[in-house]
Amino acid sequence: MISAQQNFLALITNSKTFKSLQQIHAHVLKIGLDTDLLVAGKLLLCCSTKLRDCLEYASRIFFCTPNPDVFMYNTLIRGFAESDSPENSLSTFIHMLRYSNSPPDSFSFAFALKSAANLMCPNAGSQLHCQAVVRGLNSHVFVGTTLISVYAECGLLEVSKKVFDEMPETNVVAWNALLTAYFRCHDILGAQRMFSLMPFRDLTSWNLMLAGYMKAGELELGKKLFSDMLTKDDVSWSTVITGFLHNGHFYEVFGLFKELQKAGLRPNEVSLTGVLSACAQAGALGFGKILHGFIEKSGLLWISSVNNALLDTYSKCGDVDMARLIFERMPAKKSIVSWTSMINGLAMQGYGEEAIRLFYQMVSSGIRPDEITFISILYACSHAGLIQQGCEIFCKMTREHGISASLEHYGCMVDLYGRAGQLQKAYDFVVQMPIPANAIIWRTLLGACTFYGNVDLAERVNRKLGELDPGDPGDRVLLSNIYAVAGKWDGVASVRRSMTELKIKKIPGWSMIDVDNVLYTFVASETKNKFSEEAYEKLKEIIQKLKMEGGYVPEVGSDFHDVQEEEKEDAVSKHSEKLAVAFGVARLCKGRTIRIVKNLRVCKDCHTVMKLISKIYELDIVVRDRSRFHSFKEGSCSCKEYW
């Protein structure tokens with residue numbers, strides 16, 4: 001029996017799948033080893049912590065075991081604490097108090113307290129605290145440290161500090177927990193004070209400070225701390241890279257990655273995907289290609305997340321052919337993320353019909369689409385003007401795939417109708433939605449009203465937005481633009497006056513261009529520097545050539561001010577995307593593609609200028625605005641005027 005027990009313990013330990021574990025369990029039941037606490041505990045541990053989605057089976061093993069010991073209780077409490085249903089962890093702990101012959105130990109409390117933290121439930125935390133005091137376990141370092149985290153998660157920093165102060169012994173783990181508590185409660189000065197008072201620090205302490213600064217947006221403090229660190233590990237580099245990335249500081253991200261390589265360190269999965277994400281957001285195709293070469297040379301293409309990040313980078317940098325190649329050559333089985341990223345990449349480029357074919361190919365391959373996949377495919381239909389196909393997919397989402405429509409899906413449908421000019425249909429759709437529309441959905445409709453100049457509907461939509469999100473500057477700017485197009489200058493003045501009174505500022509437009517792996521940013525009407533001076537000079541030359549050879553007439557309707565035509569013409573000529581493309585024409589040699597990223601939508605006049613430049617200068621221009629890609633070639637655009 002002893003050898004049988006050892007054999008089964010080894011089999012359970014090496015079990016990789018739920019099916020194999022069930023087979024082992026069947027043999028255990030057959031020879032009567034299911035009452036052996038060691039075997040039952042090992043089965044429970046495997047189901048609770050090693051294999052995914054097996055907690056229900058773990059519960060059945062637990063409740064079929066007579067007199068489970070403290071290890072089995074702790075295993076199930078831990079499994080539920082780390083799951084999506086931490087409340088079951090607390091109910092298991094209560095069951096232990098009522099029915100177990102073995103009292104809870106420090107691990108029981110630590111795991112149960114973790115579930116209270118995940119639930120952000122201070123009442124459960126304080127009750128567990130009381131139980132720990134009754135049993136004399138509150139002074140245990142493991143329990144005390146977890147209590148600090150629970151109270152901090154619930155926003156009770158003073159209580160966390162009190163627990164720490166009352167601990168008879170503190171180690172570096174307890175100090176680190178207190179550091180985390182200060183950052184969790186947004187007390188940066190307190191965290192700095194605690195860090196300076198620490199009698200001993202480990203690398204985790206430094207990394208916690210670094211992560212806290214980055215998450216709080218204190219980038220300069222984070223950068224200084226990082227430079228002061230004598231020892232840096234993968235976590236340190238990944239933290240600082242992703243910190244700058246999430247705060248939009250792409251230059252810093254690229255610089256840090258170069259530093260990482262100079263230090264002779266091998267980038268890990270997190271830092272690689274972080275830098276690729278920066279390339280994607282900044283449209284830095286050149287740097288993305290360098291990274292691609294590095295990844296191939298380092299033999300890291302087998303990592304699924306890195307492949308997906310590469311695919312996303314090429315898609316968002318406008319190189320859809322390379323994105324397709326990455327997708328087709330993925331060494332591992334394509335995940336739902338891979339399929340969705342490729343569909344989204346095609347959608348952004350306006351390849352709606354190809355995106356739909358890929359979607360059905362994914363379904364036929366056995367991959368079940370999720371909510372995000374449907375957002376991507378509906379987005380593809382919207383940007384390609386495929387109304388009928390979009391409506392069919394929206395219906396199939398619930399009927400065939402069992403996915404309930406969320407606000408994001410409804411927003412895609414409003415965008416689908418709005419872009420096609422079916423504004424009344426879009427409005428009726430919003431009004432008839434089974435869930436209340438949020439500001440984003442109404443804003444989508446307002447954008448369509450702006451493009452098609454429907455003043456009456458825009459005023460109705462704006463009233464709704466005034467109720468939901470009165471402080472958003474974009475809504476008022478859109479309404480002002482609609483009035484301007486209709487020549488209602490009193491309305492323009494009224495909107496702009498209200499913005500001034502409410503101290504609402506318009507978001508400035510900027511455009512970014514990658515020239516020889518250096519990113520240059522242009523903002524309309526900003527203080528001039530040597531790069532913008534160069535762009536302005538080149539732009540004057542370009543505009544003159546477009547007028548003479550291309551018959552260009554500035555579309556002054558793109559400037560929404562009640563001023564003379566000459567002033568409007570001057571204003572539209574200084575839009576940031578025009579400056580960026582002029583800089584690209586000046587700096588990039590013939591045959592190179594000009595790639596621009598813009599934070600707002602490209603205006604009609606800039607769209608016309610890009611088409612003419614692509615024709616007269618024989619250049620390919622790719623512009624990614626906040627809505628989609630515009631690929632200009634030989635005087636035409638990939639958007640086919642579906643805005």
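**Entry 1: Phe 71**

I looked up Phe 71 and found it in helix α5; helices here are DSSP runs of H or I with at least four residues, strands are runs of E with at least two, and both are numbered from the N terminus. The model is a predicted one, in which local features need pLDDT of at least 70 and side-chain atom pairs count only at pLDDT 80 or more, while totals for chains, interfaces and linings use all residues. Residues are numbered from 1 along each chain as its sequence is written, and side-chain values use heavy atoms, with hydrogens and water left out.

The classes are buried for under 20% relative accessible area, exposed for over 50% and partly exposed in between, with a 1.4 Å probe and protein chains only. Setting aside neighbours within four places in sequence, I found Phe 71 in contact with Gly 41 and Leu 45, where contact means heavy atoms within 4.5 Å. I also looked up Ser 108, which is 37 residues from Phe 71 along the chain; their C-alpha atoms are separated by 8.8 Å.

**Entry 2: α4 against α5**

I then turned to the packing of α5 (residues 70-81) with helix α4 (residues 55-63), and recorded an angle of about 160° and axes 11 Å apart. Axes are lines fitted to C-alpha atoms, for helices over the stretch in contact, and angles run from 0 to 180 degrees between N-to-C directions. The helices α4 and α5 are therefore roughly antiparallel; that term covers angles over 145 degrees, with under 35 as roughly parallel, 65 to 115 as roughly perpendicular and the rest as oblique.

Which residues of α4 and α5 make the contact? From α4 I listed Leu 55, Ala 58, Ser 59 and Phe 62, and from α5 Met 72, Tyr 73, Leu 76, Gly 79 and Phe 80. By class, this contact of α4 with α5 has seven nonpolar, two polar and no charged residues. Ala, Val, Leu, Ile, Met, Phe, Trp, Tyr, Cys and Pro count as nonpolar, Asp, Glu, Lys and Arg as charged, and the others, Gly among them, as polar.

**Entry 3: α19 against α20**

On the α19 side I found Asn 307, Leu 310, Leu 311, Tyr 314 and Ser 315, which meet Val 320, Met 322, Ala 323, Ile 326 and Phe 327 of α20. The classes in the contact of α19 with α20 are eight nonpolar, two polar and no charged residues.

**Entry 4: two buried residues**

Ser 160 lies in helix α10 (residues 157-166). I noted Ser 160 as buried because its relative accessibility is 0%. Not counting residues up to four places away in sequence, Ser 160 touches Ile 148, Tyr 151, Ala 152, Leu 178 and Ala 181.

Ile 594 belongs to strand β3 (residues 594-598). With a relative accessible area of 1%, Ile 594 is buried. Beyond four places in sequence, I found that Ile 594 touches several residues, including Ile 513, Val 581, Leu 588 and Leu 619. Between Ile 594 and Leu 619, 25 residues apart in sequence, the C-alpha to C-alpha distance is 7.6 Å.

**Entry 5: cysteines**

How many disulfides does the structure hold? I found zero disulfides, a disulfide being a pair of cysteine sulfur atoms within 2.5 Å. Cys 46 is in no disulfide, and its nearest cysteine sulfur, that of Cys 47, is 5.9 Å away. Cys 46 counts as buried at 5% relative accessibility. Cys 606 is likewise in no disulfide; the nearest cysteine sulfur, that of Cys 603, is 3.5 Å away. At 0% relative accessibility, Cys 606 counts as buried.

**Entry 6: loops with positive phi**

I looked up Met 120 in the loop between α7 (106-119) and α8 (122-134). Its phi is near 50°, a positive value in a residue other than glycine. His 186 sits in the loop between α11 (172-184) and α12 (188-197), and the phi of His 186 is near 60°, also positive in a residue other than glycine. At 71% relative accessibility, His 186 counts as exposed.

**Entry 7: the whole chain**

Last, I recorded 34 helices and six strands in the chain. Of its 643 residues, 50% count as buried.
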